[in-house]
Amino acid sequence: MNEKIMVAGAGKSGIAAAKLILETGGEVLLYDGNEALSEERLLAEFPEDACITLCLGELDETLLQGVQICVMSPGIDLETPFVKTLTERKIQLWSEIELGFQVAKGRLVAITGTNGKTTTTALTGAIMERAFGNSFTVGNIGLPYTEVALKTTEKSVTVLEASSFQLETIIHFRPHVAAITNITPDHLNRHHSMENYIRIKEDISSNQTADDFIVLNYDDEVLRAFGERKDLKPKVVFFSSTQLLEDGYDLEDGVICRKEKGEKTELIRTDELKLLGRHNFENVMTAIAIAVCMEAPMDAILDAVRKFEAVEHRIEFVAERYGVKYYNDSKGTNPDAAIQAIKAMPGPTLLIGGGYDKGSSYDEWIDAFDGKVRYLVLLGQTRDAISDCAKRHGFTNIMFAEDMQEAVKVCASYANAGDYVLLSPACASWGMFPNYEVRGKVFKECVRAL
């Protein structure tokens, strides 16, 4: 990286990318359109003698002299005038995961999908650590790839969660094993169409070869068709929770099985898992399939799977109060994820939903209530739209709350012993909270303060 590289976005991943460029001998132009950021605080992240130029607010185009690559924050829309300026100057756009890949060593696993990718990534990371010892779990799950790239070795394994925003600007990024958990409508306010969103997700395999693998959800019609394409280079491994397969991984009478030319090997019973719901059984199948492709020993795989608990903010048990159990599914940021959380609840549910409008449709989510949801408590920008949608579907037990504390108190007052209170918003957190993690933590604090 012995050149001048621009980093657009001074958030967590941008700072990590800038540090990596500097550590590999490069020069950094760090740009952020937010002129209110503190120059002093940002520069304090780097050594005093670092070759770094900081530009906040309006871009000074004279600083682009000599820049051929820009590492993009995933939060920057590629249709902004700023990005147009870069492309007109023929500056190549890289995602932070592309930069990490260019520097890192060892084998790479990359996992994407609309839902389930965080749980699958965390579980796969736990398996890799148990099987190989020298592993890193990075990406959209919270730790930037660039932060660990120089710590990797030829023997290490990196497990990366990749979002569609990160996959938009990959160049040579090539995982040995890729996985797509599912594809349902999400982020259409940025990607504009399902066709574009699907293409970006499938691009995770764009540089793979016949020596690589891709794990796909057979129950997802889009991914099944993708896996059957003649021009797809990596070896395809399917999993299914609804159909019995000749080859791949499936769910049969509460047992996860591996199939090879019709021959069945029973691997683990779902009642041995600490995860709730069919969607989590799919996540487990994905992780097992990845681990087998990585040649991890099966005893290590199953040992890690049995010990694995739900990741924070994904159908996470919080507390039980007067016979009512509270679950935090703040990561349910779209209707399909929220549907899976409702299905995972074993009994009558009081549901907290609403948030930032990403252009989603809520009809299927409301249909999934299916007599299980007793009350719907709504907050945030989308509460009116969701309320109107619910009423069209004949669901009228709806209450509004101004904040999370009020929402939790309302649920606590209406819940009966044996009920479940579930935060699964079906919307992003922006507007009320900076991210879904903060939203989930506030929910847990409100529950514990009851």
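Helix α1 is mostly covered, with 9 of its 12 residues buried, where buried means under 20% relative accessible area, exposed over 50% and partly exposed in between (1.4 Å probe, protein chains only). This is a predicted model, in which local features need pLDDT of at least 70 and side-chain atom pairs count only at pLDDT 80 or more, while totals for chains, interfaces and linings use all residues. Residues are numbered from 1 along each chain as its sequence is written, and side-chain values use heavy atoms, with hydrogens and water left out.

**Helix α1**

- The buried residues of α1 are S13, G14, I15, A16, A17, A18, L20, I21 and L22.
- Among the elements that cover these buried residues are β1 (4-8), β2 (27-32), α2 (39-43), β4 (69-72), α4 (96-103) and α6 (145-148).
- The end C-alpha atoms of α1 (residues 12-23) are 17 Å apart, which agrees with the 16 Å that its 12 residues should span at 1.5 Å a residue, the expected span being 1.5 Å times one less than the number of residues.
- Just after α1, G25 takes a positive phi of about 95°.

**Strand β16 and its partners**

- Because 4 of the 5 residues of β16 (residues 324-328) are buried, this strand is largely enclosed by the rest of the structure.
- Strand β15 (residues 316-321) runs antiparallel to β16 and is joined to it by 5 bridges, with E320 having K325 of β16 as its bridge partner.
- The hairpin of β15 and β16 has 2 residues between the strands, and Y322 there takes a positive phi near 50°.
- β16 also pairs with strand β20 (residues 420-423), in the parallel sense over 4 bridges, two strands being paired if DSSP finds at least two bridges between them.
- In β20, Y420 is the bridge partner of K325.

Conventions: Contact = heavy atoms within 4.5 Å.
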